[in-house]
Amino acid sequence: FLVEWSSSEDFSPLAGEIIMDNLQSLRCTITGLRTGQRYYVHVSAYNMRGWGPPRKSTPECASPSNWKDCSGREARHRGHTEALERLLQQVRAAHQHYNCRESSKLQNAGRKQSVSRSLKHLFHSSNKFVKTLKRGLYLSVIFFYKDNLLVTNEDQIPIVEIDDSHSSSVMQDFLWFTKLSCMWDDIRWLRQNMSISVSSSTALQARQKMLSAAAQLQNLLGTHNLGRVFYEPIKDRHGNMLIVTIREVESLYSFFNGKWMQVSKLQSQRKSLSTPEEPTALDILLITIQDILSYHKRSQQRLPPGLYLGYLKLCSSVDQIKVLVLQKLPNVLCHVKVRDNSNVSKDEWEWIQTLSGSEPVESMDHTSGCPTQLFLYELQMAVKALLKQINLPLHQAKHFRLYTQEVLELGHNVSFLLLLPASDDVCTAPGQNNPYTPHSGFLNLPLQMFELGIVACFT
């Protein structure tokens with residue numbers, strides 16, 4: 001096939017041409033076009049008798065454009081990174097100034113306590129890994145390479161104690177702790193500055209203990225990077241709670257305090273010691289270790305470039321909001337692919353704006369000659385596939401809406417249109433009946449964990 005394009009209707013002069021001799025894919029990409037310029041395209045076919053007459057495209061012409069052209073929106077993240085970096089530098093500078101002032105006051109008091117602290121340090125057990133859980137809050141790390149896990153010299157997963165007691169409302173502190181996975185190198189700086197500001201606030205004291213536990217693990221293992229935090233703590237009936245971080249390493253290199261062991265061997269050893277009637281959080285961790293590793297691997301996957309239709313469904317509880325995601329790809333919303341091209345043109349976006357108050361998407365006629373007829377058809381197919389995926393009957397689509405404020409551009413040429421339920425059903429409250437809850441293959445992920453997954457994969 002010969003594909004030719006021009007900015008004039010009579011194709012004089014030609015702006016360019018492409019000969020397609022590999023017919024495995026009947027697609028070609030035309031590059032070097034100017035935004036806002038109208039282009040005409042026609043295609044000629046070749047056989048043993050030569051080139052046939054050119055056939056005009058449908059529509060006959062189109063202008064390269066983007067949905068922002070009609071909304072006048074600036075890029076969502078323009079200047080944000082620079083502004084955040086300036087704010088962080090100001091915070092660091094203020095803390096350094098405060099530290100210099102306070103260090104002179106604390107110097108004499110520190111000298112008096114240095115001897116007693118060093119003696120106490122000799123008998124203190126907090127500098128070693130925990131072997132058994134005794135009704136408290138703990139931090140555990142899972143370093144893995146293929147089917148091998150890093151264990152201590154006593155053949156146990158590395159665990160340190162955060163606190164020997166904890167309240168039932170630890171979720172906000174846990175969600176705060178998950179953000180540390182983006183800044184493990186700053187643990188020491190955070191500890192120093194938080195210790196100065198710690199008062200009688202229970203929340204600050206709890207977070208200081210979390211920082212201390214993270215620093216302890218870093219020192220014991222000889223590495224700053226403790227990996228990503230698993231999306232929920234592991235709890236047992238004995239009152240233990242285990243926060244888990246996961247990191248995949250590139251090889252079986254040695255750590256200061258640890259060795260490598262196959263997952264199956266570690267599980268079989270622990271099975272002989274545990275009581276299946278009342279498993280501890282550590283037992284639960286080992287039983288579910290394959291699921292945890294699978295979640296971690298899947299949460300690292302990135303979508304191929306394209307335009308997607310995503311389903312936004314939230315559910316709330318007393319202390320958090322959760323997002324419905326697929327187990328096989330938990331770092332993005334439930335979705336189906338609309339097409340390979342991630343760009344939404346100005347004409348397509350203007351058409352989406354007109355959908356409000358019109359007939360449902362799935363019942364529109366895609367045989368009309370409008371320029372957006374192909375887009376309408378693709379969107380119809382995507383809506384049907386998405387409703388089937390999330391176990392919703394097709395007639396429910398009449399209550400759904402497309403989010404018309406913006407196209408979510410996640411990066412790496414991945415864009416999302418959002419499909420929203422009726423306004424009262426976007427977020428399900430505790431006790432609210434939801435007859436169309438997906439049966440299996442889905443997770444309700446804490447909103448903060450979902451956001452971290454997006455940041456890790458698309459920035």
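A residue is called buried when its relative accessible area is under 20%, exposed when that area is over 50%, and partly exposed in between. Keep this at hand as you explore the predicted model above.

**Exercise 1.** Find out which residues of helix α3 are buried.

*Solution.* Start by locating α3, which covers residues 171-178. Next, apply the cut-off of under 20%. The residues that pass are M171, D173, F174, L175, W176, F177 and T178. That makes seven of the eight residues in α3, so the helix is mostly covered.

**Exercise 2.** Work out how α3 and α5 are oriented towards each other.

*Solution.* Two packed helices are described by the angle and the distance between their axes. First, the distance: the axes of α3 and α5 (residues 202-221) come within 10 Å. Second, the angle: the two axes cross at roughly 45 degrees. Angles under 35 degrees would count as roughly parallel, and 65 to 115 as roughly perpendicular. The pair is therefore oblique. Finally, the handedness: α3 passes α5 in a right-handed crossing.

**Exercise 3.** Decide for L23 and for L402 whether each is buried, partly exposed or exposed.

*Solution.* Take L23 to begin with, in the loop between β2 (16-19) and β3 (39-44). Its relative accessible area is 46%, so L23 is partly exposed.

Now turn to L402, in strand β18 (residues 401-402). L402 has 15% relative accessibility, so it counts as buried.

Definitions and conventions. Residues numbered from 1 in each chain as written. Predicted model: local features only at pLDDT ≥ 70, side-chain atom pairs only at ≥ 80, totals over all residues. Heavy atoms only, no water. Helix = DSSP H or I, 4+ residues; strand = E, 2+ residues; numbered from the N terminus. Buried < 20%, exposed > 50% of the residue type's maximum accessible area, 1.4 Å probe, protein only. Axes fitted to C-alpha atoms, helices over the stretch in contact; angles between N-to-C directions. Parallel < 35°, antiparallel > 145°, perpendicular 65-115°, else oblique. Left-handed = near helix turned anticlockwise from the far one by under 90°.
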